[in-house]
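Let's take a walk through this structure together, starting with the overall layout and then moving in on a few details.

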Amino acid sequence: MSEKKKYDSDTLSQQRKAREEFLELKRIQNGEIAAPPKPSAFEKTPQTVEEKAKNFWYYYRWWVFAFIFIAAVMAICISQCVSRENYDLTVTVYTSDYISDESCEKMSGYFEKYGDDVNGDGEIHIQVINCSYSKGENKQFLLTNNTKIQAIIAADYDALLFITDDTTYKFLNSISDSVSLLEADGVELGSDFYNSCNIDEFLKLPENLKISRRVLAETVMKDNAVAKKCYESSGKILEQIRQ
């Protein structure tokens, strides 16, 4: 068959099909034959529990994944908030001789014997932050440690007590030209403190440690309610250690 005859045959077939479709449409409009069902009518409506579950999963699975992810993040955040200690007071250990974290943990228990329930939660928890260092530490560590101390001084309104040696006591009081950081009537820590907080013969605390309260008057902290309560509680601790 030539190309022309083939083309003419295809054209006639298309015209015949179009005419038949047109005639069928007219017969539907005249009510002679029933209209065919809509395409949506062929969709199967889920009936069983399994079919409904599959249908739901097909359309909403990404929403389910998003909900699970958000719920997991919220659960982690809530768990961290619940498990976090709500401290009544913070003691900062800042010495030029290294003190182990284990000794600092023992210090928490030692000071909690004398502390007050500042936050009113029915318990007494005192945090001890270890900022001790060795004189031979590298410059980067010393810089990081000094930054840590400055952050505590600037922002921690419950950090009113500092354990120091002679070197660090003088340094803290030299930070400002106008006012000393620590009060002059600090307390020399005695045998009761050392017996309670020493770990063993190899991790002995440095000698001649002193605990002092931070100056509150003439500072930006003087009108802060938390700082005032912690200041009073710190004074009571110092008095009981002094006895």
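How many helices and strands are there in the protein chain? There are seven helices and five strands, where helices (H or I, at least four residues) and strands (E, at least two) are DSSP runs numbered from the N terminus. Before going on, a word on what you're looking at: this is a predicted model, where local features need pLDDT of at least 70, side-chain atom pairs count only at pLDDT 80 or more, and totals for chains, interfaces and linings use all residues. Residues are numbered from 1 along each chain as its sequence is written, and side-chain values use heavy atoms, with hydrogens and water left out.

If you follow the protein chain along its sequence, the pattern reads α-α-β-α-β-α-β-α-β-α-β-α. Of its 243 residues, 30% are buried; buried means under 20% relative accessible area, exposed over 50%, and partly exposed in between (1.4 Å probe, protein chains only).

Now look at strand β3. Six of the six residues of β3 are buried, so this strand is largely enclosed by the rest of the structure. What does β3 pair with? Two strands count as paired if DSSP finds at least two bridges between them. β1 and β3 run parallel and are joined by five bridges; V91, for one, has L161 in β3 as its bridge partner. β3 and β5 run antiparallel, with four bridges joining them, and here F162 has S212 of β5 as its bridge partner.

Next, find helix α7, residues 225–242. (The expected span is 1.5 Å times one less than the number of residues.) At the start of α7, a side-chain oxygen of N224 comes to within 3.0 Å of the backbone nitrogen of V226.

Which residues of α7 are buried? They are A227, C230, S233, S234, G235, I237, L238 and I241. The cover over them includes strands β1 (89–94), β2 (126–130), β3 (159–164), β4 (187–188) and β5 (210–213), along with helix α3 (101–112).

S233 has a relative accessible area of 2%, so it counts as buried. Leaving aside residues up to four places away in sequence, S233 touches L89, D116 and V118, where contact means heavy atoms within 4.5 Å.

Terms used. A polar contact is a pair of N or O atoms within 3.5 Å; within protein, one must be able to donate a hydrogen and the other to accept it, and residues adjacent in sequence count only if both atoms are side-chain atoms.
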